[in-house]
Amino acid sequence: MFELPNSFENSGNEFIEVFNRNSRLIPWFPAILIGKEYQTALYILTQINPKYIVSNNSGIGYEAYRQGIPWVAGPYMNTVNSFSLLSLKENFGCTGSFISNEINKNQIKRIKKPDNFRLFYSIYHPIVLMTSKACFFHQVTGCKKYIVDNACIQRCEKSSFITNLKGVSFFINKQKGRYHDIHNENNFLNTDITRDIPNLFDSLFLDLRDVKSDTKVTADKRAIIKMFENHLNDELESSKTIHQHISPTTDTQYIKGI
């Protein structure tokens, strides 16, 4: 899967070329698309022919449905119950959805998916606490500019961290073409769900982007993928091996829920 940016410097033709050249690549649309950026995202949607898309933006998802493109509701839509799934299918023509990582094992077990509907779950990812167009770096590391303009969104690429009075760190991340994110100090990792709820999900998702946090990954991405494949095949010690190579992590919400 390939996540599109929040902002496009031109018409988006370079992304159209990427998707048309790589037919197996799944477009991933972000939650926040404002004004002309939303229109550019719609234009990209009309120029590609993916087998399906993932969208955290319901407007993009509905337009995909109108164009006959299957779409999956992304994890930032925070789908937490069976009624939400049914509404996504009946009112937005959705063909699948990620289940929120904020609910616990017992809450997930009670979910019933509609017929002919796919369920996804993100088993490993950096935890985004906040996304904003406003600059987070001005008060943390300083910047000579006093206003965020299009050049900032397109070209700025920085990372830093802040620590609160309890000693908890939060990581600030800005990538080119994207808005500012604040990440949790540890990434989310849940290997228990494959055994706790073995038959509910059609796909499990890994976010292997290099997003800075306190979580350290001590193997290359091909090796990490192989570890998760072994885990899905119920190989002994596979979960322990994953946690040895990806640490520290958290799965507090899977235990605590909402």
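Biologist: What makes E3 and R209 a salt bridge?

Modeller: This is a predicted model, to start with. In it, the side chains of E3 and R209 come to 3.0 Å, N to O. The cut-off for a salt bridge is within 4 Å, between a Lys or Arg nitrogen and an Asp or Glu carboxyl oxygen, so the pair of E3 and R209 at 3.0 Å qualifies.

Biologist: Where do E3 and R209 sit in the chain?

Modeller: In distant parts of it, 206 residues apart. E3 belongs to strand 1 (residues 2-3), while R209 is in the loop between strand 12 (203-206) and strand 13 (216-217).

Biologist: Why is R209 called partly exposed?

Modeller: Its relative accessible area is 36%. Buried needs under 20% and exposed needs over 50%, so R209 at 36% falls in between.

Biologist: How many salt bridges does a search of the whole structure find?

Modeller: The search gives 8. One of them pairs E17 with R21, at 3.1 Å from N to O. Both residues lie in helix 1 (residues 13-21), and they are 4 residues apart, about one turn of the helix.

Biologist: Why does R21 count as exposed?

Modeller: R21 has a relative accessible area of 55%. The line for exposed is over 50%, so R21 gets that label.

Biologist: What makes R66 and E63 a salt bridge?

Modeller: Their closest N and O atoms are 3.2 Å apart. That is within 4 Å, so the pair of R66 and E63 counts. R66 and E63 both lie in helix 3 (residues 58-66), 3 residues apart, again about one turn of the helix. R66 is exposed too, because its relative accessible area of 59% is over 50%.

Biologist: What lies between strand 8 and strand 9?

Modeller: There are 5 residues between them, and the two strands form a hairpin. In the turn, G167 has a positive phi of about 85°.

Biologist: Now the whole chain. How do you know that its radius of gyration agrees with a compact globule?

Modeller: With 258 residues, a compact globule would come out near 18 Å, and the protein chain has 19 Å, so the value agrees. Along its principal axes, the C-alpha trace spans about 50 × 50 × 35 Å.

Biologist: What share of the residues counts as buried?

Modeller: Of the 258 residues, 45% count as buried, so each of those has a relative accessible area under 20%. The chain contains 10 helices and 15 strands.

Biologist: What share of the contacts with a separation of 6 or more comes from residues 24 or more positions apart?

Modeller: Such residues account for 62% of those contacts. As for the accessible surface, it comes to about 13,900 Å², with 50% belonging to carbon and sulfur atoms.

Definitions and conventions. Residues are numbered from 1 along each chain as its sequence is written. This is a predicted model: local features need pLDDT of at least 70, side-chain atom pairs count only at pLDDT 80 or more; totals for chains, interfaces and linings use all residues. Side-chain values use heavy atoms; hydrogens and water are left out. Two strands pair if DSSP finds at least two bridges between them. Buried means under 20% relative accessible area, exposed over 50%, partly exposed in between (1.4 Å probe, protein chains only). The radius of gyration is taken over C-alpha atoms; the globule rule is 2.2 Å times the number of residues to the power 0.38. Contact means heavy atoms within 4.5 Å. Accessible areas come from the Shrake-Rupley method with a 1.4 Å probe; for residues, only the protein chains shown count as cover.
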